[in-house]
Amino acid sequence: MERDGDRAWCRWRSFAKITALTYIVPVICLSLVVVCVARPIYPLPSKISHNHRQPIQTSRPYNIAHRGSNGEIPEETAAAYMRAIEEGTDFIETDILCSKDGFLICFHDVTLDATTDIANHKEFANRKRTFEVQGVNTTGFFTVDFTLGELKELRVKQRFSSRDQQYNGKFPIITFDEFISIALEAPRVVGIYPEIKNPVFINQHVKWPGGKRFEDKFVETLKNYGYKGSYLSKEWQKQPVFIQSFAPTSLVYISNMTDMPKILLIDDATMPMQDTNQSFLEITSDAYLDYIKDYVVGIGPWKDTIVPVVNNYLQTPTDLVSRAHSHGLQVHPYTFRNDNSSLHFDFHEDPYQEYDYWINKVGVDGLFTDFTGSLHNFQEWTSPLSKDGHDDKTASELLNKISSLISSYKN
């Protein structure tokens, strides 16, 4: 009996070893694959199918989560974007740059210094360099000097010292693909608002096979995930997207590749365009707005160029919004921040007063905000949507118009 038991034990041990190898080896291989492709160790949204998702609202100005809900969580991280979706944003906005090996990443600055822990990585100390960026010599650790694998070793930190610092060092840089997956896997339809960031600089320092440009890779990525269609088309409403850039030549270039809606960003009035060197007065002239409307659906100006500010007090608004509207262009100004240091004296440290001013008096069509939740709350209080995502006020106004037409016909 003991011999039989020993033999049975030996057979069991052999079976257990084979079983363990059968399951453990694939797991180890899978883990190696995950590490090799630099997938994040933090959870992304699950791959569940959300049927009959609530559609994106189009009846009130768009709530655009500027780099995610970065007033609360470090910018351009998965956590910041997920938080913005929880808070009710219409679009999650991001800046697209590039790694040394050609991967598109979500990051604002061409250098890593301000919002990552690069200074703590002594192994990268020799990577600091000086490049010319938009005509200015800039020194730092550039994204284009690091592979995606190396960038994934870094952790992001809060840009503003006055904001919550508890999440510093917790989240990695994400890729454009990861950003898109966050929007597509949301429980309701959430649009994306990616920027072609510093295309002149990126095209100078990163080369792709076949002579492709940064803009080619950017549009190719969007198409790979099914983004297509002109503004408010059925395809667009299924997967909403605005493509933005400060470089008009990039927007004109990609207009031959896609009819997805585009937004021309406009900088400080003292800053020339990064690729054409045009002045603010040139690009906001009626002649130029008439030209650019063939390529874009709107403009995204810095808000102080719409309403000038002197000694932190608002001055008389310019006619830029009304002129843009007369050319059929939307206006999505940036950036709205709740921080007291960012609120002009006119608003008495109350961000809701600022939202009211820009939406109801200036009449803009979308707002880039660092504090998604506060803008969502303001709009829900002042112009709530019905449960199916449509504006009750708009429906009521339409019924009144129909009633008026019927009355006129009877008379």
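Glu 76 sits in the loop between β1 and α2, and its phi is positive, about 60°, even though this residue is not a glycine. With a relative accessibility of 3%, Glu 76 counts as buried (under 20% relative accessible area; exposed is over 50% and partly exposed in between, with a 1.4 Å probe and protein chains only). Bear in mind that this is a predicted model, where local features need pLDDT of at least 70, side-chain atom pairs count only at pLDDT 80 or more, and totals for chains, interfaces and linings use all residues. Residues are numbered from 1 along each chain as its sequence is written, and side-chain values use heavy atoms, leaving out hydrogens and water.

- Most residues other than glycine have a negative phi, and most peptide bonds are trans.
- Gln 134 is another non-glycine with a positive phi, about 50°, and its place is the loop between β4 (129-133) and β5 (136-140).
- Gln 134 is partly exposed, at a relative accessible area of 42%.
- Tyr 334 and Thr 335 are joined by a cis peptide bond with omega about -15°, and Thr 335 belongs to the loop between β12 (330-331) and α13.
- Gly 88 follows α2 and has a positive phi, near 100°.

**The chain overall**

- The chain has 15 helices and 13 strands, taken as DSSP runs (H or I of at least four residues for helices, E of at least two for strands) and numbered from the N terminus.
- Of the 411 residues, 49% are buried.
- The accessible surface is about 20,500 Å², with 54% of that belonging to carbon and sulfur atoms (Shrake-Rupley method, 1.4 Å probe; for residues, only the protein chains shown count as cover).
- Among contacts (heavy atoms within 4.5 Å) with a separation of 6 or more, 70% come from residues 24 or more positions apart.
- Mean pLDDT (the predictor's confidence in each residue, from 0 to 100) is 87, and 82% of residues reach 70 or more.
- Residues 1-48 have pLDDT below 50, and beyond near neighbours in sequence this stretch makes 29 contacts in the model.
- Where pLDDT is low, the predicted coordinates should not be read in detail.

- In α2 (78-86), the buried residues are Ala 78, Ala 79, Ala 80, Tyr 81, Ala 84 and Ile 85; their cover includes β1, β2 (91-98), α4 and α14.
- In α14 (residues 372-382), the buried set is Thr 372, Gly 373, Ser 374, Leu 375, His 376, Phe 378 and Gln 379; here the cover includes β1 (62-65), α2, α13 (351-362) and β13.

**Rings and charges**

- There are 32 aromatic pairs, counting rings of Phe, Tyr and Trp (its six-membered ring) with centres within 6.5 Å; planes under 30 degrees apart are stacked, over 60 edge-to-face and the rest tilted.
- Tyr 193 and Phe 368 have ring centres 5.0 Å apart and planes at 65°, so they pair edge-to-face.
- That pair spans 175 residues, from strand β6 (residues 191-196) to strand β13 (residues 366-369), and both Tyr 193 and Phe 368 are buried.
- Ring pairs tie Tyr 62, Phe 91, Tyr 193, Tyr 231, Trp 236, Phe 242, Phe 246, Tyr 334 and Phe 368 into a cluster.
- Arg 127 has its charged end over the ring of Phe 146, 4.9 Å from the centre (CZ of Arg or NZ of Lys within 6 Å of the ring centre and within 35 degrees of the ring normal).
- Arg 213 lies over the face of Tyr 253, 3.8 Å from the ring centre.
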